[in-house]
Amino acid sequence: MSAMRPDSQRGFSIVSAIFLLVVLSALGAFMLTFSNVQQMTSAQDLQGSRAYQAARAGMEWGAYQVLRNSGSCNAGSNVALGGNLASFTLTVGCTKTVYTEGGNAVNLYQITSTASSGTVGSTTYIERQLQATIGN
């Protein structure tokens, strides 16, 4: 019969407790990092949607200028936005091309609307660009 020595079991519970503490701390740090990345991705998605709406507003402004404002077509115009889109810089460009089709002159307008926010190269930079061709 072998007798267990009480000295051989000393300190085992403290080692396992430290191991569990380190593993739980690492898991907590991972969850915090994951949560921050998810929040940043969600914010960028929202900003991307806003940039798309800003670019779409610029496209509609450009179409209005061409169709209702006597065919006005500027190479590049900065348009001010309001409300939630006020933080975006909106540039609307237009080029006019005249084609002859069946003996009739047709004006084609290529409208490009670019909305951007933030500094290029940063994680918060967002840009959306839309193009459309309108015949008049």
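Q: How many salt bridges does the structure hold?
A: The structure holds 1 salt bridge. The term denotes a side-chain nitrogen of Lys or Arg within 4 Å of a carboxyl oxygen of Asp or Glu.

Q: Before we go on, what kind of model is this?
A: This is a predicted model, in which local features need pLDDT of at least 70 and side-chain atom pairs count only at pLDDT 80 or more, while totals for chains, interfaces and linings use all residues. Residues are numbered from 1 along each chain as its sequence is written, and side-chain values use heavy atoms, with hydrogens and water left out.

Q: Which side chains meet in the salt bridge?
A: Those of Arg56 and Glu60 do, at 3.6 Å from N to O. Arg56 and Glu60 are 4 residues apart in helix α1, so about one helical turn separates them. Helices (H or I, at least four residues) and strands (E, at least two) are DSSP runs, numbered from the N terminus.

Q: Why does that spacing matter for direction?
A: An α-helix has 3.6 residues a turn, so residues three or four places apart point the same way.

Q: How accessible is Arg56?
A: Arg56 is partly exposed, because its relative accessible area is 39%. Buried means under 20% relative accessible area, exposed over 50%, and partly exposed in between (1.4 Å probe, protein chains only).

Q: And what about Ala57?
A: Ala57 also lies in helix α1, and its 30% relative accessibility makes it partly exposed. Ala57 and Leu85 are 28 residues apart in sequence, yet 9.8 Å apart in space, C-alpha to C-alpha.

Q: How far does α1 reach?
A: From its first C-alpha to its last, α1 reaches 82 Å with its 56 residues, close to the 82 Å expected at 1.5 Å a residue. The expected span is 1.5 Å times one less than the number of residues.

Q: Which residues of α1 are buried, and what covers them?
A: The buried residues include Gly48, Ala51, Ala54, Gly58 and Met59. Their cover includes β2, β3 and β4. Contact here means heavy atoms within 4.5 Å.

Q: Switching to the strands: in what order do they form the sheet?
A: The 4 strands form an open sheet in the order β1-β2-β3-β4, with antiparallel pairing. Strands β1 (77-79) and β4 (126-135) stand at the edges with a single partner strand each, so one side of each has no neighbour in the sheet. Two strands pair if DSSP finds at least two bridges between them.

Q: How is the helix placed against the sheet?
A: Helix α1 (residues 12-67) lies across β1, β2 (89-101), β3 and β4, and runs at about 25° to β4. Axes are lines fitted to C-alpha atoms, for helices over the stretch in contact, and angles run from 0 to 180 degrees between N-to-C directions.

Q: How many bridges join β3 to β4?
A: There are 10 bridges between β3 (residues 104-117) and β4, which run antiparallel. Thr114, for example, has Gln129 in β4 as its bridge partner.

Q: Is Ser117 buried or exposed?
A: Ser117, found in strand β3, counts as buried because its relative accessibility is 12%. Leaving aside neighbours within four places in sequence, its contacts include Gln47, Phe88 and Tyr125.
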